[in-house]
Amino acid sequence: MQLTLTRPDDWHLHLRDGAALTTTVPDTARTFNRAIVMPNLRPPVATVDAAIEYRQRILAALPNGMTFDPLMTLYLTPDSSPTIIREAASSEHVYGVKLYPQGATTNSDAGIASLDGMLPTLEAMAETGFPLLVHGEVTDHSIDIFDREAVFLDRTLDPLMQRLPDLRVILEHITTKESVDFVKANPDMGATITVHHLMYERNDMLASGIRPHLYCLPILKRRLHRDALIEAATSGTSQFFLGTDSAPHAISDKESDCGCAGCYTAPIALELYAEVFEAQGKLDRLETFASFNGADFYGLPRNTETVTLTKTEASIPIMRPFGDTEVRLLRGGETVAWSLS
Ligand code: NCD
Ligand code: ZN
């Protein structure tokens, strides 16, 4: 059995920097034509010049013969001015601004503690139609980690969208039924869905031993949320699109007393999404989710070339090189039912 689809794009990706790029860039470019590249480096990518320099480092790591178009983003910091937004909006390489609530996730300490002072900047985004990509979790220590996404919708995102109805918002890596419902209730917004949130629920991470390679943020939730995500991703609804949130960390940073959040999925993401869609009897919707909805939302042309998936079991490597160390793949050492030719 074969499935040919328009070449997909990844609308949420962490490529990291330096020597890691020689692994992460080809691992994504093998499958995806474009990717929205996250700016959470140290220091954060907060200016157009920094984004363009980072883009050049990414392209320098692209092997001859491969094609890949990195779509850059800026990190929203308290110093992000309306002028920076206007410059980004008119740049041909920058496609959005990423909001990290301060302390919410990996390399988010430069993020935003309170949106109060950011209104002029956010107004400039609403005026220019420049997308705000949102990590949707509160960081309040009194809020249980499994509730942080749902509380963020009520406390932060809903008031923001009421205040700035023209703001173009993408809620990234949604993990809850509440987020699915929120997105559907706001038809102008978009949302990305990772493959690991479609494949796993929190029991997989915690019930038969603790699985550090399934630890990501927002954290895996209970079964009913996974079911809602599967329904949304396979529904064909144009607001939901593929974003792997592939987020590699050195193995020693994952298997640690205080392990980092993030799953490395890019090398096998499309094959895994195909498994999820097939299990729902919805393989015919994979192309809409993976190749059309994101491009349409960002107002970019759909890709013209195709890729072909074949129903042949393939083994997933356990490790990939990662600078001077290694990164472990999600489901490494196991098999996947589809292969990309
Ligand atoms: C991401 C990372 O490692 O950069 N980690 C993750 O668990 N998803 C950051 C993020 O997207 O939250
Ligand atoms: Zn991410």
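A polar contact of 2.8 Å joins the side chains of Glu137 and His135. Here a polar contact is a pair of N or O atoms within 3.5 Å; within protein, one must be able to donate a hydrogen and the other to accept it, and residues adjacent in sequence count only if both atoms are side-chain atoms. The model is predicted: local features need pLDDT of at least 70, side-chain atom pairs count only at pLDDT 80 or more, and totals for chains, interfaces and linings use all residues. Residues are numbered from 1 along each chain as its sequence is written, chains are lettered from A and ligands numbered from 1 in the order in which they are written, and side-chain values use heavy atoms, with hydrogens and water left out.

## Two buried glutamates

Glu137 lies in the loop between strand E6 (132-134) and helix H5 (148-163). Helices (H or I, at least four residues) and strands (E, at least two) are DSSP runs, numbered from the N terminus. With a relative accessibility of 2%, Glu137 counts as buried. Buried means under 20% relative accessible area, exposed means over 50%, and partly exposed is in between (1.4 Å probe, protein chains only). Residues up to four places away in sequence aside, Glu137 touches Pro101, Ala104, Ile145, Arg148, Glu149, Phe152, Leu217, Pro218 and Ile219. Contact means heavy atoms within 4.5 Å. Glu137 and Pro218 are 81 residues apart in sequence, and their C-alpha atoms are 7.3 Å apart in space.

Glu201 is placed in the loop between helix H7 (195-199) and helix H8 (202-206). Its relative accessibility is 12%, so Glu201 counts as buried. The side chain of Glu201 makes a polar contact of 3.4 Å with the side chain of Arg223. Apart from neighbours within four places in sequence, the contacts of Glu201 are Leu220, Lys221, Arg222, Arg223 and Arg226.

## The parallel sheet

Strands of a sheet pair through backbone hydrogen bonds, either parallel or antiparallel. One open sheet has 8 strands in the order E2-E3-E4-E5-E6-E7-E8-E9, and the pairing is parallel. Strand E2 (10-13) and strand E9 (240-242) stand at the edges with a single partner strand each, so one side of each is left without a neighbour in the sheet. Two strands pair if DSSP finds at least two bridges between them. Strand E8 (residues 190-193) is joined to E9 by 3 bridges, and Ile193 has Leu242 in E9 as its bridge partner.

Helix H1 (residues 21-29) is mostly covered, with 8 of its 9 residues buried. These buried residues are Leu21, Thr23, Thr24, Val25, Pro26, Asp27, Thr28 and Ala29. Their cover includes E2, strand E3 (34-37), helix H2 (48-60) and strand E12 (319-322).

The axes of helix H6 (residues 177-185) and helix H9 (residues 223-233) come within 8 Å and cross at roughly 35°. Axes are lines fitted to C-alpha atoms, for helices over the stretch in contact, and angles run from 0 to 180 degrees between N-to-C directions. On the H6 side, Lys177, Glu178, Val180 and Lys184 meet Leu224, His225, Ala228, Leu229, Glu231 and Ala232 in H9.

Val183 is also in helix H6. It is buried, with a relative accessible area of 0%. Not counting residues up to four places away in sequence, Val183 touches Leu171, Met189, Ala191, Gln239 and Phe240.

## The antiparallel sheet

A further open sheet has 3 strands in the order E1-E10-E15, with antiparallel pairing. Strand E1 (2-6) and strand E15 (339-340) are its edge strands, each pairing on one side only. E1 is joined by 5 bridges to strand E10 (residues 306-310), and Gln2 stands opposite Thr310 in E10. Helix H12 (residues 286-298) packs on the sheet and touches E1 and E10, its direction making about 25° with that of E1. Helix H11 (residues 269-279) lies across E10 and E15, running at about 60° to E10.

## Ligand 1

Ligand 1 is surrounded by 15 residues, and the closest are Arg16, Asn40, Thr105, Leu217 and Asp245. A residue is near a molecule if one of its heavy atoms lies within 4 Å of it.

| Residue | Ligand | Distance |
|---|---|---|
| Thr105 | ligand 1 | 2.6 Å |
| Thr106 | ligand 1 | 3.1 Å |
| His249 | ligand 1 | 2.8 Å |
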